[in-house]
Amino acid sequence: MASPPDTSKTIKLERYNSYLRRVNSTKLLNASSKLLFRATLLIALALIFYFTLNYPPLSDNPNHHIHQHNFLSSAFYGHRTNGGAAWEKQVRHSSTPRRSNGMSVLVTGSAGFIGSHCSLALKKRGDGVLGLDNFNDYYDPSLKRARQALLLKHQIFIVEGDLNDASLLTKLFDVVPFTHVLHLAAQAGVRYAMKNPQSYVRSNIAGFINLLEVAKSVDPQPAIVWASSSSVYGLNTENPFSELHRTDQPASLYAATKKAGEAIAHTYNHIYGLSLTGLRFFTVYGPWGRPDMAYFFFTKDILHGKTIDVYRTQDEKEVARDFTYIDDVVKGCIGALDTAEKSTGSGGKKRGPAQLRIYNLGNTSPVPVGKLVSILEGLLNTKAKKHVIKMPRNGDVPFTHANVSLAFTDFGYKPTTDLATGLRKFVKWYVSYYGIQSRVKKENSIIPGESA
């Protein structure tokens with residue numbers, strides 16, 4: 001009987017081939033995995049680079065964007081804002097006065113409400129004006145962009161940048177020897193501080209210090225006029241509010257940061273010889289105003305048939321404000337600039353005592369918020385749906401009233417616009433800007449951009 005064929009070699013060969021297939025399969029899998037990992041890494045880096053260049057990082061509050069710049073975006077940022085000869089030419093042209101002995105003014109917050117009005121007034125009389133604004137979205141940035149477009153028509157250039165960008169501020173002072181700074185950039189609003197307190201510290205304290213640090217080091221140092229607030233009077237019960245009254249009991253974080261600014265101004269005046277003038281604004285209103293202010297959103301809500309909250313104090317008294325029309329405030333700002341003395345330092349060294357002032361800029365005629373609503377009802381020809389409630393404990397104060405005798409004595413400040421007249425001008429602007437025709441009384445509308 002024949003012996004069975006020897007299959008041991010065949011089995012060994014099959015086992016060896018199977019082993020080779022497994023080895024090759026493993027090598028192929030490892031190679032594919034490495035290739036996939038490298039491709040994924042490259043795509044991720046490309047996406048990070050793309051989004052870094054095209055989208056600004058978010059602030060602590062996801063709904064509040066502030067332009068900040070990291071190492072990846074700095075090159076693009078430089079190209080966008082201070083990119084060479086053409087940019088410098090724009091900056092110099094905007095800053096050059098057209099009248100003899102005219103000022104060259106850096107206006108921070110120039111796309112804001114008061115900043116845009118002051119910029120136009122200064123330019124109109126022949127001063128050089130350069131704006132600086134970060135266009136954050138505390139309120140609708142499209143309104144700020146519209147103000148920017150209006151200023152550009154009058155050859156006022158706004159540099160887009162942040163107060164905390166020391167290199168940008170230094171660059172601006174290198175290009176232009178500013179004689180004055182009108183510092184109006186700030187995080188505004190009393191109630192918003194309860195949602196995003198850090199934004200007030202960054203802008204009202206850190207940003208102000210950064211500006212003063214740059215200003216103290218240049219030669220010549222500029223004279224600085226800056227925005228404080230009537231909020232610094234806080235829980236003060238003496239009326240009308242005088243610059244001599246105590247301001248050490250702020251009722252809100254916003255007020256505290258403005259009070260801190262006044263103390264900081266004193267320090268830089270004392271050590272470095274900077275000429276500093278603080279202006280305590282009292283509830284400024286008018287065309288191109290801020291949408292977060294009561295008169296503005298009352299107008300919007302009344303026209304849309306929405307209910308408005310009208311506050312009363314905890315002891316059932318009417319809340320009243322010293323509403324001050326924008327044109328009066330602009331005159332006060334310009335008066336403060338015109339009477340500001342030169343700083344006495346240079347290169348960070350004080351040569352002698354420097355001017356330090358603080359003024360109230362108000363209307364001297366407090367009006368109950370209920371009266372404000374009644375005036376708007378008449379102008380809009382619409383009855384408001386009012387919800388009368390007690391004022392929440394959010395930092396708002398029940399009453400403001402300005403004593404402006406010091407500003408009148410020093411630079412002739414004298415408000416002339418009553419609330420009814422000012423609101424009429426505001427409503428004309430509002431219906432024109434937003435294209436509203438419906439129930440609003442037919443009156444001659446003003447051209448957008450005018451405040452008179």
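**Overview of the chain.** Of the contacts in the chain (heavy atoms within 4.5 Å) with a separation of 6 or more, 80% join residues 24 or more positions apart. The model is predicted: local features need pLDDT of at least 70 and side-chain atom pairs pLDDT 80 or more, whereas totals for chains, interfaces and linings use all residues. Residues are numbered from 1 along each chain as its sequence is written, and side-chain values use heavy atoms, without hydrogens or water. The chain holds 13 helices and 15 strands, which are DSSP runs (helices H or I, at least four residues; strands E, at least two) numbered from the N terminus.

**Close-up of helices α7 and α8.** The axes of α7 (residues 197-217) and α8 (residues 253-272), lines fitted to C-alpha atoms over the stretch in contact, come within 10 Å and cross at roughly 15°. Helix α7 is therefore roughly parallel to α8 (angles under 35 degrees between N-to-C directions, on a scale from 0 to 180 degrees). Residues in this contact include Y200, F208 and L212 of α7 and Y254, I264 and Y268 of α8.

**Close-up of two cis peptide bonds.** The bond from D219 to P220 is cis, with omega near 5°; P220 is in the loop between α7 and β5 (223-229). The bond from N239 to P240 is also cis, with omega near -10°, and P240 is in the loop between β5 and α8.

**Close-up of Q155.** Phi of Q155, a residue other than glycine, is positive, near 60°. Q155 lies in the loop between α5 (141-153) and β3 (157-160).

Note on methods: Angles under 35 degrees count as roughly parallel, over 145 as roughly antiparallel, 65 to 115 as roughly perpendicular and the rest as oblique.
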